[in-house]
Amino acid sequence: MHKDIKEILYTEEQIEQKCEELANQIDQDYAGEEILLVGLLKGSVPFLAELGKHLKSDVTFDYMKVSSYSGVESKTLVVQQDLKEDIRGKNILIVEDILDTGKTLYNVKQMLLKRGVRSVKIVTLLDKEEGRVFDMKADYSGFKIPNAFVVGYGLDFNEKYRQLPYVGILKEDCYKK
Ligand code: IMP
């Protein structure tokens with residue numbers, strides 16, 4: 001285990017198992033329809049890759065990078081990198097690493113809905129329900145987690161720890177300096 005990690009919440013094996021379950025559920029719900037998977041950069045990349053391996057539906061991939069600011073601009077979404085594909089008439093499944101306040105996904109979903117899509121759903125690996133501020137629910141969520149700062153499997157602190165193959169709680173002295 002990495003020296004900065006206090007506790008492993010989910011191992012690689014548990015995450016893989018969960019991705020398979022989520023993929024089966026998604027395949028069943030979309031029942032043969034095509035899906036455009038929209039990964040939010042950078043954190044969703046390992047989850048998107050693992051989930052994708054288990055999907056039997058016809059899927060394509062696209063990526064988006066956004067940031068949302070807090071405070072007075074709380075509803076402002078800054079798109080740093082937009083989708084490359086025309087999404088009109090498509091079934092969009094937004095793939096995210098973690099749902100916390102709900103601000104990011106709320107804003108992304110509203111934006112994509114205005115582009116003439118057929119449907120927009122959300123799948124998140126982790127769900128911090130206690131952190132919720134915006135009225136936002138994931139259609140599919142892997143694990144409900146406590147209100148702790150977690151890293152690994154794509155999640156970072158100052159761009160570090162994304163490569164860890166598990167999700168773990170970061171030691172407090174690593175971010176409260
Ligand atoms: P939200 O917009 O508040 O729902 O937060 C979503 C984003 O906040 C995620 O995409 C992460 O980048 C970040 N985030 C929230 N909680 C954590 C955490 O525990 N570890 C790492 N990043 C987090």
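**Pockets and cores**

Analyst: This is a predicted model. Begin with the second largest pocket. Its lining consists of Glu34, Ile35, Leu36, Asp58, Val59, Thr60, Gly89, Lys90 and Asn91. Two elements, strand S2 (35-40) and S3, each give two or more residues to that lining. By class, the lining splits into three nonpolar, three polar and three charged residues. The space inside is about 160 Å³.

Now the largest pocket. Its space comes to about 720 Å³. It is lined by 26 residues, and Glu96, Asp97, Ile98, Thr104 and Asp156 lie closest to its centre. Strand S3 (59-68), strand S5 (91-99) and helix H3 (103-113) each contribute two or more lining residues. Ten of the lining residues are charged, nine are nonpolar and seven are polar.

Next, the packing. In soluble globular proteins, nonpolar side chains tend to be buried together. Here the largest nonpolar core holds 29 residues. Ile26, Phe47, Val123, Leu126 and Val150 have the most contacts inside this core. Elements that supply at least two residues each include helix H1 (12-30), helix H2 (45-54), S5 and strand S6 (119-127). H1 gives the most, with six residues.

Leaving out residues up to four places away in sequence, Leu126 touches Asp97, Ile98, Leu99, Phe143, Ile145, Val150, Leu155 and Val167. Two of these partners, Asp97 and Ile98, are also among the residues closest to the centre of the largest pocket.

A second core is separate and has 19 residues, among them Leu36, Ile87, Val117 and Val120. Leu36 also lines the second largest pocket.

Definitions and conventions:
Residues numbered from 1 in each chain as written. Predicted model: local features only at pLDDT ≥ 70, side-chain atom pairs only at ≥ 80, totals over all residues. Heavy atoms only, no water. 1 Å grid on protein atoms, 1.4 Å probe; cavity = no way out; pocket = protein on both sides within 12 Å on 5 of 7 lines; lining within 4 Å. Points joined across faces, edges and corners; volume = space filled by probe spheres on them. Helix = DSSP H or I, 4+ residues; strand = E, 2+ residues; numbered from the N terminus. Nonpolar A, V, L, I, M, F, W, Y, C, P; charged D, E, K, R; others polar. Core = buried A, V, L, I, M, F, W, Y, C linked by side-chain atoms within 4.5 Å. Buried < 20%, exposed > 50% of the residue type's maximum accessible area, 1.4 Å probe, protein only. Contact = heavy atoms within 4.5 Å.
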